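Subject: A structure for you to look at

Hello! Here is the structure I promised to pass on, and my notes follow below it. Please keep it open while you read.

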Amino acid sequence: MPVYRVAEIVAQLGGELWGDGNVPIRGVGTLTDAQPDQAAFLARGKYRKHLAATRAGVVILPAADAQSFAQTRIVSADPYGYFAQVSRLLIPPPVHAPGVDSRAVVHPEAHVDPSACVGPLVSIGRGAHIGAHAVIESGCVIGEHVHIGAGARLHANVVIYHHCILGERVILHAGVVIGADGFGFAPEGGRWNKIPQVGRVLIGDDVEIGANTTVDRGVLDDTVIEEGAKLDNQIQIGHNCRIGAHTAIAGCVGIAGSTTIGKSCRIGGVP
């Protein structure tokens, strides 16, 4: 894990340094649990009571609280956002060696970029494309003619059905299913006749989808999740939905088919 002096953090991320810039920072924590080599933050007034007793090496806080804290601090207009940047700086993603594991099954007509990493027991279908520096972890199933963009990461046991398209830097957590058939049946004579689902799922750049979430393919047109959207665990997205860019949806939400959700919306989960 890297170590940064507080002054080095400010030099990279901005903000205003008050106090000792030479304090080494190796990790992050809360105001109540952080150690002298960790960064913490104060973004809400209800946590201000923990400020005086914190052992954190540096606290990221708004200007209104800077005078009331005597230890090293970084003043930011958005302490929570700044803390997120510090977290990414101190906890970089793991590095995966490029190459295809010998236990993976890759169709000869699939393309896997030489810089991509494909783990054991992965199946990649005919005509699939795996982009540069993508990571496909163990047990994933990639259907025919799927396109996975550069820098994407699929955690274990993700399933991508045929012809779906994932943009760059997409993150899919374990158990995600993209492109299963939507719930399309026509009643006839007391029976249900299945309607073929021939659309795709299109996922934009920088989308992140939580564990065991499912996104159904469209009936005729495509199901679309636009760039930067964030979906939590165990969400169901029905066929032909469109989720706007940078929308965030919390866990256990169900979105009925053909629903359109705008950009930068925030949707809470089931209480």
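Let's start with a term: a residue is called buried under 20% relative accessible area, exposed over 50%, and partly exposed in between (1.4 Å probe, protein chains only). You are looking at a predicted model, in which local features need pLDDT of at least 70 and side-chain atom pairs count only at pLDDT 80 or more, while totals for chains, interfaces and linings use all residues. Residues are numbered from 1 along each chain as its sequence is written, and side-chain values use heavy atoms, with hydrogens and water left out.

Is Ala43 buried, partly exposed or exposed? Ala43 counts as partly exposed because its relative accessibility is 43%. You will find Ala43 in the loop between β5 (38–41) and β6 (58–61); strands (E, at least two residues) and helices (H or I, at least four) are DSSP runs, numbered from the N terminus. Setting aside residues up to four places away in sequence, Ala43 touches Pro79 and Tyr80, where contact means heavy atoms within 4.5 Å. Asp33 is 10 residues from Ala43 in sequence, and their C-alpha atoms are 16 Å apart in space.

β5 and β6 pair in the parallel sense over three bridges; two strands pair if DSSP finds at least two bridges between them. Ala40 stands opposite Val59 in β6. β6 also pairs in the parallel sense with β7 (residues 73–75), over three bridges, and there Ile60 stands opposite Ile74. Both faces of β6 are covered, with Val58 and Ile60 buried on one side and Val59 and Leu61 buried on the other.

**An open sheet**

Further along, eight strands form an open sheet with parallel pairing, in the order β10-β13-β16-β19-β24-β27-β30-β33. Why is one side of β10 and of β33 left without a neighbour in the sheet? β10 (111–112) and β33 (260–261) stand at the edges and each has a single partner strand, so one side of each has no neighbour there. For β33, two parallel bridges join it to β30 (residues 242–243), and Arg242 has Thr260 as its bridge partner.

**His155 and the cysteines**

His155 lies in the loop between β17 (153–154) and β18 (159–160). His155 is buried because its relative accessible area is 18%. Beyond its neighbours within four places in sequence, the contacts of His155 include Glu137, Cys140 and His173.

How many disulfides does a search of the whole structure find? It finds zero, a disulfide being a pair of cysteine sulfur atoms within 2.5 Å. For Cys164, the nearest cysteine sulfur is that of Cys140, 14 Å away. Cys164 is buried, at 0% relative accessibility, whereas Cys252 is partly exposed at 42%.

Enjoy exploring!
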